[in-house]
Amino acid sequence: MKFGAAVLRSYESPFTVEEVTLDAGPAAGEVLVRVAGCGMCRTDLAVRRSAGRSPLPAVLGHEGSGIVVEVGGPDTGLGVGDHVVLSFDSCGHCRTCKDAAPAYCDSFASLNLYGGRGANAARFTDMAGSQLAPRWFGQSSFAEYAVVLARNAVRVDPSLPLELLGPLGCGFLTGAGAVLNSFGAGPGDTVAVFGAGAVGLAAVMAATAAGAVTVAVDRHPERLALAERFHALPVHAASSDLPGRIRRLTDGGAQYALDTTGSARLVNDALRALRPTGHLGLVARLHTALSLEPGTLDRGRRMSHICEGDAVPGLLIPRLTALWRAGRFPFDQLTRTYPLTGVNEAERDCDAGRVVKPVLIPHSGS
């Protein structure tokens, strides 16, 4: 089977849209999906800074959505024609997977970032017959088709806008899950979100939907305006006495704070903005040592890393689509679509902050 895909051949080169070959159909437990849309996530672009740990050449993309066109055996729980959102890979049998915490799978890094599955993984070749890297995040959905494990595909209502749903599998799931799962925020709580990108704005929307008072911190006025549209109180990151301003807006301090920036300064500010026993969640990968200022973890405050919003995708994705239908999680307002051939433009726009969530549409010309 031959189809178009965006291939990254080196850490410095642009994507090239090429014809690739799938050497075999879905194996047992897998499904073949015709990709309707795929969000572009900062994690895809971070491959360029991975110091050679992510194998290339590769087809990236891990926020896919589409229609099942073939199933591998009778036990997938999915059928041809089902609309699905694709999420991160997990082994399904380690202790954390069995404890309904697939984001903390013992094999998460190897399955999603550094080489993929050992079985049925490297079945994609380019036009020269050379192998491409194993499936990125178990899907490699910057392509017209993707092969995924059925356990990582979530069936959704076919009346939903399928081409826009892919980011619910990672970026929007991470921000919303941090608020709804990790924090369990509800009416009367206060949530401060540092960084108003795709993950941060999803957290803002989820906090507002949960009835929490929400503060959004960013350095870009246009991002703060978006957060304010979603009913957050906007605060510029360069404000003098940033923690004090947040404490005043939240009547003594936020119960929860989410940092999506990875900035050591803002992490310290977030801790100082918490009330006693407050919880700071980190979702951004830190690239340098984090020095905490004296007193930031006093009085019961705590800090933890949150992966994939502590989500079980099969539970959280339907919850988010239900909130969207109710007008309470308008994630579609953050997206801009591009044809697959526009993948490099989408990357440039994402890097420049001209778009919050680019979504590639592989079959836009067909």
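**Packing, pairing and salt bridges in a predicted model**

Q: Why is helix α8 described as largely enclosed by the rest of the structure?
A: Helix α8 covers residues 264-273.

Q: At what angle do helices α4 and α9 pack?
A: Helix α4 spans residues 171-183 and helix α9 spans residues 313-325, with their axes 11 Å apart. The two helices are roughly perpendicular to each other, a class that takes angles of 65 to 115 degrees. The angle between α4 and α9 is about 95°.

Q: Which residues of α9 meet α4?
A: From α4, the residues in this contact are Phe172, Leu173, Ala176, Gly177, Leu180 and Asn181. Their counterparts in α9 are Pro313, Leu316, Ile317, Arg319 and Leu320.

Q: Is threonine 174 buried or exposed, and what is its relative accessible area?
A: Threonine 174 is found in helix α4. Not counting residues up to four places away in sequence, threonine 174 touches Val199, Val283, Glu308 and Gly309. Buried means under 20%, so threonine 174 counts as buried, with a relative accessible area of 9%.

Q: Which residue in β2 is the bridge partner of alanine 5?
A: Strand β1 (residues 2-8) and strand β2 (residues 16-22) run antiparallel and are joined by 6 bridges. Across this pairing, the partner of alanine 5 is glutamate 18.

Q: Which residues are linked with Glu18 in a network of salt bridges?
A: Glutamate 18 is buried at 16% relative accessibility, whereas arginine 9 is partly exposed at 36%. The side chains of glutamate 18 and arginine 9 meet in a salt bridge at 2.9 Å, N to O. The network that holds Glu18 also contains Arg9 and Asp126.

Q: How many residues apart in sequence are the parts tied together by arginine 155 and aspartate 82?
A: The closest N and O atoms of the salt bridge between arginine 155 and aspartate 82 are 3.2 Å apart. Arginine 155 lies in strand β9 (residues 153-156), and aspartate 82 lies in the loop between β5 (64-71) and β6 (83-86), so the pair ties together parts whose separation in sequence is 73 residues.

Q: Which is buried and which is partly exposed, arginine 155 or aspartate 82?
A: The cut-off for buried is under 20% relative accessible area. Arginine 155, at 44% relative accessibility, counts as partly exposed. At 18%, the buried residue is aspartate 82.

Q: What N to O distance is found in the salt bridge of aspartate 349?
A: A search of the whole structure finds 13 salt bridges. Aspartate 349 is buried, at 8% relative accessibility. The side chain of aspartate 349 meets that of arginine 354, N to O, at 2.8 Å.

Q: How many disulfides does a search of the whole structure find?
A: A disulfide needs cysteine sulfur atoms within 2.5 Å. For cysteine 38, the closest cysteine sulfur is in cysteine 41 at 9.5 Å, too far for a bond. For cysteine 170, the closest cysteine sulfur is also in cysteine 41, at 4.5 Å, again too far for a bond. The number of disulfides found is 0.

Q: What is the relative accessibility of cysteine 38, and what is that of cysteine 170?
A: Cysteine 38 counts as buried, and cysteine 170 counts as buried too. The value for cysteine 38 is 0%, and for cysteine 170 the value is 7%.

Q: How far apart in space are leucine 56 and serine 10, C-alpha to C-alpha?
A: Leucine 56 lies in the loop between α1 (42-45) and β4 and is partly exposed at 23% relative accessibility. Not counting residues up to four places away in sequence, leucine 56 touches Leu8, Arg9, Ser10, Tyr11 and Val47. Leucine 56 and serine 10 are 46 residues apart in sequence, while their C-alpha distance in space is 6.4 Å.

Terms used:
Residues numbered from 1 in each chain as written. Predicted model: local features only at pLDDT ≥ 70, side-chain atom pairs only at ≥ 80, totals over all residues. Heavy atoms only, no water. Buried < 20%, exposed > 50% of the residue type's maximum accessible area, 1.4 Å probe, protein only. Helix = DSSP H or I, 4+ residues; strand = E, 2+ residues; numbered from the N terminus. Pairing = 2+ DSSP bridges. Salt bridge = Lys/Arg side-chain N within 4 Å of Asp/Glu carboxyl O. Axes fitted to C-alpha atoms, helices over the stretch in contact; angles between N-to-C directions. Parallel < 35°, antiparallel > 145°, perpendicular 65-115°, else oblique. Contact = heavy atoms within 4.5 Å.
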